[in-house]
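Please read the numbered points alongside the display.

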Amino acid sequence: MRAATRLTWAIAATTALALTATACGGNGTASGSAGVVRASWGDPQHPLEPANTNEVQGGKVLDMIFRGLKRYDPETGEAKDEMAESIETTDQQNFTVKIKSGWTFSDGTPVTAASYVDAWNYGANLKNAQISSYFFQFIEGYDAVHPADENATPSADTMSGLKVVDDHTFTVKLNEPFSLWPETLGYAAYSPLPRAFFDDHATWLNKPIGNGPYKIDTYTKSQSMKLVKYEEYAGPDKAQNEGVELRVYTDNNTAYTDLQAGNLDVIDDVPASQLKNAQKDLGDRYINQPAGIIQTVAFPVTQDGWTSPESAKVRQGLSMAIDRQEITSKIYFDTRTPATDFTSPVLGDAGGYQEGLCGEYCTYDPERAKQLIEEGGGLPGGKITLSSNVDTGSHRQWMDAACNSINNALDDTGACTVNPVPTFADFRNQITEGRISGMFRSGWQMDYPLIQNFLQPLYYTNASSNDSRYSSPEFDRLINEANSASDEAEAIGKFRDAEKVLVQDMPAIPLWYQNGTAGYSTRVSDVKLNPFSVPVYTDIKVS
Amino acid sequence: MGRYVVRRLLQMIPVFIGATFLIFVMVYALGDPVAALFGDRAPDPATARQLRAEFHLDKPVWQQYLLYMGNILSGDFGTAFNGEKVTDLMGRAFPISFRLMLTALVIELVLGILLGVITGLRRGRVFDTSVLMATLVVIAIPTFVLGTTAQFFLGVQLGWINPAVSPEGRFGELIVPGCILALVSLAYVTRLTRTSVAENTRADYIRTAVAKGLPRRRVTVRHLLRNSLIPVVTYLGADIGTLMAGAIVTERIFNIQGVGFQLYQGILRQNSPTVVGFVVVLVLIFLLANLLVDLLYAVLDPRIRYD
């Protein structure tokens with residue numbers, strides 16, 4: 001009997017609990033405070049440090065709290081002086097950098113030449129294991145602080161090519177001439193760092209301090225970050241709103257639903273499943289514009305079946321067998337544009353983009369495709385696989401479509417099969433270890449809007465992202481010439497010549513340029529995406 | 001009773017070691033996570049080596065496991081790749097998931113048993129058949145369909161709730177997600193209770209109780225219900241663990257930053273400290289919930305004794 005009483009009591013208690021749970025169900029989250037933009041965000045992969053952030057979510061924050069020597073114009077992508085007063089050189093190898101005075105970090109300390117030199121030395125040093133340290137590889141003395149050999153230890157702490165002249169001047173000596181080097185300096189890895197970063201690193205990581213238009217108010221990792229306008233910001237692009245609240249969404253579908261319900265102001269990645277409805281749901285508040293991203297399919301050109309000169313014909317044929325138009329419109333609802341060169345439209349014609357450079361080889365023509373593949377000796381082993389990770393980005397759909405397109409062109413249902421790899425990490429391992437024998441997905445999101453960035457890291461001999469292990473003396477020579485050219489037009493001409501070598505050798509097939517997609521609420525205006533498809537938060541006005 | 005509890009707690013040790021080792025090996029077998037940190041670039045060999053050393057990834061798996069377990073015993077669950085302590089992640093994620101689990105559990109317990117008893121007592125009537133049909137429908141429809149539909153109608157069309165739960169994860173916001181999470185289990189609890197009640201109404205002791213002239217309410221609650229709850233309690237015990245961990249789908253839909261979210265991120269980024277750390281705690285919860293269930297048997301049915 002006693003036990004029974006206890007049971008009744010337990011039931012009563014749980015019921016009471018249920019009632020309380022229901023009772024406290026008032027209105028949910030507090031709505032955004034006045035003048036603050038509520039935007040979607042994803043959890044950054046690494047701690048936020050300029051030279052240790054290589055993905056878009058962390059980069060978004062760096063773009064708000066840091067300003068470097070240069071900044072890429074949100075509309076044109078052109079590298080314009082930001083903190084740089086002047087960057088001068090006579091030989092494309094020795095540069096003198098003068099910075100503007102009056103700039104401060106949000107902890108009040110001034111930004112000096114040493115803020116740059118110390119930050120760059122930190123980013124380059126192997127001891128700090130920074131993911132993006134390769135950005136400093138052009139500076140003389142990089143090898144000493146970051147030896148290439150796996151087991152070596154650094155023989156110096158600072159790069160010999162960097163010298164502080166006075167508070168507002170420093171000099172940079174590069175390993176070799178690189179005429180476009182100043183234009184790379186808009187990338188976040190080149191941001192200056194305050195003393196606080198070096199003095200108390202752990203505290204800084206919990207709440208990074210920069211010199212940008214916003215400062216971090218609160219940061220709860222994997223949940224949200226609140227940024228407020230930095231009142232003493234010295235740059236021209238002061239924030240037009242009071243602040244930005246970044247909210248982590250685990251699924252961008254939820255962010256989209258939240259935008260529809262009026263709980264969120266800006267989403268910068270419309271989920272694939274909503275692309276079809278976005279125009280109808282959001283009208284003018286849906287943004288779909290080119291970003292500096294190109295998707296390609298690479299070939300392991302050093303592996304069996306791909307080494308002969310004729311195999312270039314097979315690759316060109318495969319390129320012609322893929323119906324890019326059909327896939328971009330049916331699967332991507334025109335948020336991708338069929339690619340006709342190896343760069344991106346965001347560069348503009350002056351920056352090196354050339355529509356149609358790839359010519360007929362990037363045009364769908366199934367008959368010619370079949371012919372070319374036969375001339376090149378047919379597919380190695382009679383069939384080919386197309387590999388990609390399938391954990392993100394709806395890669396499975398386009399892979400199926402591309403393979404179907406190839407199979408139709410070749411009248412052979414077994415010619416192309418997809419090889420889905422479960423995780424991105426596994427996929428990257430298979431590529432770096434050279435375990436993929438067929439075609440595989442490769443993509444490139446630009447670090448800076450320069451044609452050099454679309455070619456050198458991907459196709460130069462032994463370059464860091466040369467997944468196909470392509471090596472062409474002709475291509476390398478043209479890239480070197482372009483880098484040491486003294487005027488920009490000449491450099492771009494050389495880069496284009498190098499690109500034409502790629503069309504002949506086809507180590508990779510250009511598939512499509514990717515657009516950035518975004519949507520915003522009626523509460524905000526002046527929302528636009530920069531060439532990296534990141535919203536220009538400073539310009540957003542809240543009504 | 002005391003000795004039984006001690007024995008059970010001791011039995012947990014091998015289960016615990018086995019489970020964690022399996023998880024560890026599985027995460028390890030996924031391959032080298034460092035490559036993914038470099039995005040579309042080939043990892044810089046020297047930096048990669050440095051990172052591997054930092055996370056002990058350069059050591060053989062058994063050594064990694066021993067190091068890891070050693071650290072766990074001293075309360076150090078390691079660091080996630082984003083530089084945050086796994087214990088901090090857990091400190092935020094578990095309370096939210098626990099609240100979600102509690103909301104779901106209360107809903108399925110109260111509604112499930114209530115519906116189960118009513119249908120069990122009114123077998124074959126209209127109410128019984130309609131509840132049976134409803135449970136079938138609920139079991140058949142995947143959670144994400146129910147979740148996104150509810151989210152769209154209640155959140156966007158009617159505006160009654162916020163489609164996404166705030167990082168604080170207050171009880172009030174968790175009611176709808178809790179309902180969605182509870183629905184499938186609710187269906188099972190209803191059916192289990194119904195069967196059990198239906199069986200027991202014919203039992204001798206019920207006839208005796210009725211013959212003694214006890215009030216109907218008393219017969220139902222004290223005699224019928226108490227004896228019918230054993231299978232339900234067994235199910236609920238196992239369900240607690242599932243609700244805590246299996247909320248991945250619900251947590252994703254409603255943007256609840258709980259255990260499911262952290263586990264999902266951990267697996268996607270092959271972050272073994274996060275995954276193993278969270279699973280270790282989940283295994284403990286599961287084991288304790290089951291112990292609790294076994295002890296509850298004795299409360300429900302005094303004939304079951306543990307000594």
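1. Arg195(A) and Asp199(A) form a salt bridge through their side chains, at 3.8 Å from N to O; the term denotes a side-chain nitrogen of Lys or Arg within 4 Å of a carboxyl oxygen of Asp or Glu. Both residues belong to helix α6 (residues 195-199) of chain A and stand four residues apart, about one turn of the helix. Helices (H or I, at least four residues) and strands (E, at least two) are DSSP runs numbered from the N terminus. Arg195(A) is partly exposed at 47% relative accessibility, and Asp199(A) is exposed at 58%. Buried means under 20% relative accessible area, exposed over 50%, and partly exposed in between (1.4 Å probe, protein chains only).

2. This is a predicted model, in which local features need pLDDT of at least 70 and side-chain atom pairs count only at pLDDT 80 or more, whereas totals for chains, interfaces and linings use all residues. Residues are numbered from 1 along each chain as its sequence is written, chains are lettered from A and ligands numbered from 1 in the order written, and side-chain values use heavy atoms, without hydrogens and water.

3. Asp265(A) and Arg38(A) also form a salt bridge (3.0 Å, N to O). This pair links distant parts of the chain, 227 residues apart: Asp265(A) lies in the loop between α8 (252-260) and β11 (266-267), and Arg38(A) in strand β1 (residues 36-41). Asp265(A) is buried at 0% relative accessibility, as is Arg38(A) at 6%.

4. Chain B has 13 helices and zero strands. Of its 307 residues, 50% count as buried.
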